[in-house]
Amino acid sequence: MLPYARPSITEAELAEVEECLRSGWLATGPRTERFEARLAARLGVPHALATTSGTAALHLALLAAGVGPGDEVVTTPMTWVATANVILHAGARPVFVDVEPETLNLDARRVEPALTPRTRAILPVHFAGLPCDLDPLLELARARGLALVEDAAHALGASYKGRPIGAVGDLTMFSFHPAKNLTTGEGGAVTTACDERAARIRRLRYHGIEQSPQSRFGGRGPAAYEAVEAGFKYNMSDLQAAIGLHQLDRLDERNARRRELAAAYRERLAPLPHVEPLGTAPYEHEHAWHLMVVRVDPDALRGERDDVIQALREVGVGAGVHFVPLHLQALYRGVADPADLPAATEAHRRIVTLPLFPDMADRDVDFVVDRLAKVLANQAR
Ligand SMILES: *Cc1c(COP(=O)(O)O)cnc(C)c1O
């Protein structure tokens, strides 16, 4: 079975992990520091803080943005559950705004009407790696005193109008889960230009402990630490960073390969009836091509979208769904009426994720498109 995603691991990662194990230093240490410094330099942002997961990174980003009990965070229903779960963990409430039907990115025009005096942050997701239209969101955030916190789990290496994703909004989260464009096994990071927010995240990710020279016991000596708030255990380990260092070396090369494969898909899919890739954006951007999402037309088929996926799996294509919209899942039913989110609700009848990862061969694209063409022909009304 050709999976929808697969990490690319080389001898360099294997050797660095072995060296890390032999060094005796496995927890947060020199490799994490190097990984953070190189990630920040790559994105052109002053701070990159590495964590145990993207979910942990987003939780910390929201807390550093000042999101707390009673607040609202405006976000998209077309995302992984983690995006909204961490809003709940911060004691706040997610407010879902519909997506653009062509890109499945948060529809910037619908954000303003959703703002209330309780809104604290806007949380867009760069769906599948296509940067959202950030300028209108930034403008709105500035005008209303809100934080722009980006879920860039799909968008490492992407850029918006010449600016790298990670250096645009107030706080940006990345995920290094094995399916993502860069992996550390599990892991994540927050980037920010704000020194105070970076310091708060550093403290919160390690038990709420302050180690600065300003702490009561000073910055030196064996007892030079002091817990100042109830933090978390979200710090990345050097074993994870050992993988990440070499993944970072090859990020651009691998994203270029994703772009090539996505172009091949789009060309091969164009003549097929009843299926269409997602649309693109009119503004200048670089797509990270994390996922290859297409839309099938259930009205032209005898079965449903799930029948297409099932049939693909039976012939060796590991197709998937990204994502079941949050407002249709038990935890978030009742947060929004599906009728108020027509584009996300309709997308759920149509979306299919096809295999896309850098180690795929050109002939794998041909294989997937041939199988998809046969499945659609078999299921056509
Ligand atoms: C993967 C993902 C996350 C969570 O990242 P983890 O590293 O798995 O915790 C959050 N949001 C989106 C959109 C994701 O795809």
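1. Basis. Local features of this predicted model need pLDDT of at least 70 and side-chain atom pairs pLDDT 80 or more, while totals for chains, interfaces and linings use all residues. Residues are numbered from 1 along each chain as its sequence is written, and side-chain values use heavy atoms, without hydrogens and water.

2. Around the ligand. The ligand has 16 residues around it, and Thr-55, Asp-151, His-154, Ser-175 and Lys-180 come nearest (a residue counts if one of its heavy atoms lies within 4 Å). Helix H3 (54-64) and strand S8 (171-175) each give at least two residues to this shell (helices are DSSP runs of H or I with at least four residues, strands runs of E with at least two, numbered from the N terminus).

3. Polar contacts (pairs of N or O atoms within 3.5 Å). A side-chain N or O atom of Thr-55 is 2.5 Å from an oxygen atom of the ligand. For a polar side-chain atom of His-154 the distance to a ligand oxygen is 2.7 Å, and for one of Lys-180 it is 3.2 Å. The protein buries 93% of the 380 Å² that the ligand exposes when taken alone (Shrake-Rupley method, 1.4 Å probe).

4. Strand S15. This strand spans residues 351-354 and is covered on both faces. Ile-351 and Thr-353 lie on one side, Val-352 and Leu-354 on the other, and all are buried (under 20% relative accessible area, 1.4 Å probe, protein chains only).

5. Pairing. S15 pairs with strand S14 (residues 292-296) in the antiparallel sense over 4 bridges (pairing needs at least two DSSP bridges). Val-294 has Val-352 of S15 as its bridge partner, and Val-352 is one of the buried residues of point 4.

Definitions and conventions:
Buried < 20%, exposed > 50% of the residue type's maximum accessible area, 1.4 Å probe, protein only. Polar contact = N/O pair within 3.5 Å; in protein donor to acceptor, adjacent residues only side chain to side chain.
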